[in-house]
Amino acid sequence: MTTSDTAALPSRREQNKLATRRAIADAALAMLRSRGAGNFTVEDLAEEAGVSRRTFFNYFPSLEAALASVTEGFLDHALEQFRLRPSDEPILDSARAALMALADPMTVSPMAELFSLTHDNRALVRSELEAWDHCTTQIIDAARLRLGPDVDELYLRALAGSIISCGKAAMSVWFEQHGPDLSPESLASLRQYLIDAIGLLGSGFTAPAPRSPASRGTQPAADPQHSA
């Protein structure tokens, strides 16, 4: 291992902080799953995660923020893959390749479960909005690093907003078709929708070819959603 590799590794303190943050996020999702929205407090969550109330607020300002971090985790992994792409590659090609690099469909499981548990709860929809806002900022930062400080700000924000809108569309279509199904097959479909949505953006929304029955999952071949 080179000196630069060693420097890139997180310190023990940073690893512990990441582990605590992850434990709180995992506990938030577990309690949402078992108790339902609005049926647990910060104190309940802190106890479940094995931390104090004060420690919880050192990491998150609210329950919603803790839940938002579940989705942020997946989006951050995708951005890590994006940053590994060649610097001269078109940004949308890099974004699509980054999603494809997350080959295990289970990587989208926490995000998918959170979406299925909060989509009809107006109070918790804020957690999803916080997660997508976080990702928008991260995309802008990553694109600015790739393109340089003189890149047009409108371009950056329109690009990030378009990518986020495509991600939201993929999530919505997936949930309409699969509901709360978190089977590997359903999650593979979600991952593919995310990839295809970025592909549509990159192609300028050229009309896609009809999906095969296999790629539509449980949708029948004559589904009018895909016949236009």
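User: How many residues line the largest pocket, and which of them lie nearest its centre?

Analyst: The model is a predicted one, in which local features need pLDDT of at least 70 and side-chain atom pairs count only at pLDDT 80 or more, while totals for chains, interfaces and linings use all residues. Residues are numbered from 1 along each chain as its sequence is written, and side-chain values use heavy atoms, with hydrogens and water left out. On a 1 Å grid over the protein atoms alone, a pocket is an open set of points with protein on both sides within 12 Å along at least five of seven lines, a cavity is a set where a 1.4 Å probe fits but cannot get out, and lining residues have an atom within 4 Å of a point. Here, 22 residues line the largest pocket, and R22, S69, G73, D76 and H77 lie nearest its centre. Two or more lining residues come from each of α2 (12-35), α5 and α8, with the largest share, 10 residues, from α5. Such helices are DSSP runs (H or I, at least four residues), numbered from the N terminus.

User: What is the volume of the largest pocket, and how do its lining residues divide by class?

Analyst: A volume is the space filled by probe spheres set on the grid points, which are joined across faces, edges and corners. For the largest pocket this is about 760 Å³. As to class, Ala, Val, Leu, Ile, Met, Phe, Trp, Tyr, Cys and Pro count as nonpolar, Asp, Glu, Lys and Arg as charged, and the others, Gly among them, as polar. The pocket lining has 8 nonpolar, 6 polar and 8 charged residues.

User: How many cavities of 30 Å³ or more does the structure hold, and what lines the largest cavity?

Analyst: There are 2 cavities of 30 Å³ or more. The largest cavity, of about 300 Å³, has 20 lining residues, with A78, L99, C135, I139 and I163 nearest its centre. Helices α5 (63-83), α6 (91-101), α8 (125-147), α9 (153-178) and α10 (184-202) each give two or more residues to this lining. Its classes are 19 nonpolar, 1 polar and no charged residues.

User: Is I140 buried or exposed, and which residues does I140 contact?

Analyst: Buried means under 20% relative accessible area, exposed over 50%, and partly exposed in between (1.4 Å probe, protein chains only). I140, in helix α8, is buried at 13%. Contact means heavy atoms within 4.5 Å. Leaving aside neighbours within four places in sequence, I140 contacts L156, R157 and A160. The C-alpha atoms of I140 and L156 are 5.7 Å apart, although 16 residues separate the two along the chain.

User: Where is E89 found, and what does E89 touch?

Analyst: E89 is in the loop between α5 and α6. With a relative accessible area of 18%, E89 is buried. Not counting residues up to four places away in sequence, E89 touches S94 and R146.
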